[in-house]
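Hi there,

Here is the structure I promised to pass on to you. Please open it first, and then read my notes alongside it.

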Amino acid sequence: MTIDPAALPDLILEPMVRHALLEDLGSYGDITTRAVMPRDARYAARLNAREDGIVSGMQIARIAFHLVDPELRITQHIPDGTPCRAGDLLMEIDGSAASILAAERVALNFAGRMSGIATLTAAFVEQAAGTTTRITCTRKTTPGLRIVEKQAVLHGGGFNHRFGLSDAILIKDNHIAAAGGVHAVLTAAKAAASHMVRVEIEVDRLDQLEQVLETGGADIVLLDNMDTPTLKRAVGLCHGKVLTEASGNMKLDRIAEVASTGVDYISTGALTHSARTLDLGLDF
């Protein structure tokens with residue numbers, strides 16, 4: 001098995017998975033399995049892909065099974081970040097049938113959700129192929145699941161935007177409106193930022209962009225909700241001065257067109273808030 005460069009230590013992920021297991025098992029555990037399954041029943045289960053996609057969430061699925069029963073034997077056949085076809089065997093789990101059933105839904109919920117995000121991300125990345133534009137996610141993630149949803153974006157070939165409000169200074173339109181304009185916010189940001197913190201500012205008009213470039217202090221300019229001709233002009237104005245990021249209404253069928261403008265980054269919340277869960281199944 002190849003080593004996944006985007007893998008997170010199990011220690012970081014375990015509390016999230018443990019919480020999901022407690023939510024599912026409730027106060028009395030799996031009463032159906034306890035009622036009908038012999039205590040000593042053992043089976044080998046197969047976690048299969050039921051449609052084509054990009055695999056993600058296998059690490060989390062393994063944690064779910066091992067939290068329920070450390071003695072389960074798990075063999076992963078397709079690593080996270082790898083394409084799969086319908087019918088492919090992703091993972092085998094061998095051991096107590098009751099333990100496998102207790103962890104099944106949590107494992108599938110995580111793996112299906114993450115694989116869906118990775119698959120959608122790969123589709124966006126494909127549209128930008130042949131350009132230098134990078135596809136990035138945003139903070140529009142499911143509460144409590146940001147770290148694994150952003151990991152799934154990496155598995156799909158995308159890149160991560162900031163993880164939270166403390167990562168970088170990103171001046172949005174509401175900051176500009178409430179704090180006195182472009183010059184005022186950039187001057188304040190330059191005074192407050194350490195040498196380790198990048199400053200990005202959002203603009204939606206070329207005259208705003210010109211103010212940003214004249215004032216200085218920004219490392220990145222977020223070009224928000226611009227049509228493609230305006231984006232191309234904006235990228236030209238910024239060339240060699242600041243990095244550029246296009247955002248707003250970045251749907252899949254527009255990515256190739258936007259990437260052709262030479263923009264450095266395209267950010268879209270759709271990667272995480274609109275991904276369809278990939279169909280995975282577990283069968284004895």
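Let's start with Leu47: its bridge partner in β12 is Leu282. Strands pair here if DSSP finds at least two bridges between them. Helices (H or I, at least four residues) and strands (E, at least two) are DSSP runs, numbered from the N terminus.

Before we go on, two notes on the source. This is a predicted model, in which local features need pLDDT of at least 70 and side-chain atom pairs count only at pLDDT 80 or more, while totals for chains, interfaces and linings use all residues. Residues are numbered from 1 along each chain as its sequence is written, and side-chain values use heavy atoms, leaving out hydrogens and water.

The whole chain

The chain has eleven helices and twelve strands. Its C-alpha atoms fill a box of roughly 75 × 35 × 30 Å along the principal axes. Of its 284 residues, 47% count as buried (buried is under 20% relative accessible area, exposed over 50%, and partly exposed in between, with a 1.4 Å probe and protein chains only). Among contacts with a separation of 6 or more, 69% come from residues 24 or more positions apart; a contact means heavy atoms within 4.5 Å.

In which order do the four strands of the open sheet lie? The order is β3-β5-β1-β12, with antiparallel pairing. β3 and β12 stand at the edges with a single partner strand each, so one side of each has no neighbour in the sheet. On average, neighbouring strands of this sheet are turned by 15° against each other, direction ignored (axes are lines fitted to C-alpha atoms, for helices over the stretch in contact, and angles run from 0 to 180 degrees between N-to-C directions).

You can follow the pairs one by one:
- β1 (residues 42-49) and β12 (residues 280-283) pair over four bridges in the antiparallel sense.
- β1 and β5 (residues 89-96) are antiparallel over seven bridges, and Arg46 has Glu92 of β5 as its bridge partner.
- β3 and β5 are antiparallel over four bridges, and Arg73 has Asp94 of β5 as its bridge partner.

Two helices pack on this sheet. α3 touches β1, β3, β5 and β12, and its direction makes about 5° with that of β5. α4 touches β1, β5 and β12, and its direction makes about 165° with that of β12.

Helix against helix

α4 (residues 97-127) also packs with α5 (residues 146-155), at an angle of about 40° and with the axes 7 Å apart. The two are therefore oblique to each other (under 35 degrees is roughly parallel, over 145 roughly antiparallel, 65 to 115 roughly perpendicular, and the rest oblique). Among the residues making this contact are Met114 and Ile117 of α4, with Val148 and Ala152 of α5.

Residues in the loops

Is Glu71 buried or exposed? Glu71 counts as exposed, because its relative accessibility is 68%. This residue lies in the loop between α3 (58-68) and β3 (73-76). Glu71 and Ser99 are 28 residues apart in sequence, and 9.5 Å apart in space, C-alpha to C-alpha.

Most residues other than glycine have a negative phi. Two asparagines here have a positive one. Asn225, in the loop between β9 (220-224) and α9 (228-238), has a phi near 55°. Asn249 has a phi of about 60° and lies in the loop between β10 (243-247) and α10 (255-259). Asn249 is partly exposed, because its relative accessible area is 47%.

Enjoy exploring it!
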